[in-house]
Amino acid sequence: MNQWLRYWNTYRGRVIGTLVFFVGALLLVTVGFFRTLAIVLLTIIGYLVGEYFDGGSTLQRWLRSWRRR
């Protein structure tokens, strides 16, 4: 168990990145580019809405910093 935890802590980014891009490649091959793009955009919007209701809106901070420029 301890060995798996060390492995996870060392290679977490690689494992998550590989899984995310593998799922993305499967979506691209099975449903096509535009449907995959729609799924990704809706997922991002869902994340931002959920984050807003959790009380930590990164989107609002980003918009504020973008307006100052």
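Helix 1 has a kink of about 75°, centred on tyrosine 11; the bend at a residue is the angle between axes fitted to the seven residues ending there and the seven starting there. Helices here are DSSP runs of H or I with at least four residues, numbered from the N terminus. This is a predicted model, in which local features need pLDDT of at least 70, side-chain atom pairs count only at pLDDT 80 or more, and totals for chains, interfaces and linings use all residues. Residues are numbered from 1 along each chain as its sequence is written, and side-chain values use heavy atoms, with hydrogens and water left out.

Follow helix 1 to its end and you meet glycine 32, whose phi is positive, near 100°. The axes of helix 1 (residues 2–31) and helix 2 (residues 33–54) come within 7 Å and cross at roughly 135°. Axes are lines fitted to C-alpha atoms over the stretch in contact, with angles from 0 to 180 degrees between N-to-C directions.

Now look at where the helices meet. Gly24, Leu27, Leu28 and Val31 of helix 1 touch Phe33, Arg35, Thr36 and Ile39 of helix 2, contact meaning heavy atoms within 4.5 Å.

Note on methods: Helix = DSSP H or I, 4+ residues; strand = E, 2+ residues; numbered from the N terminus.
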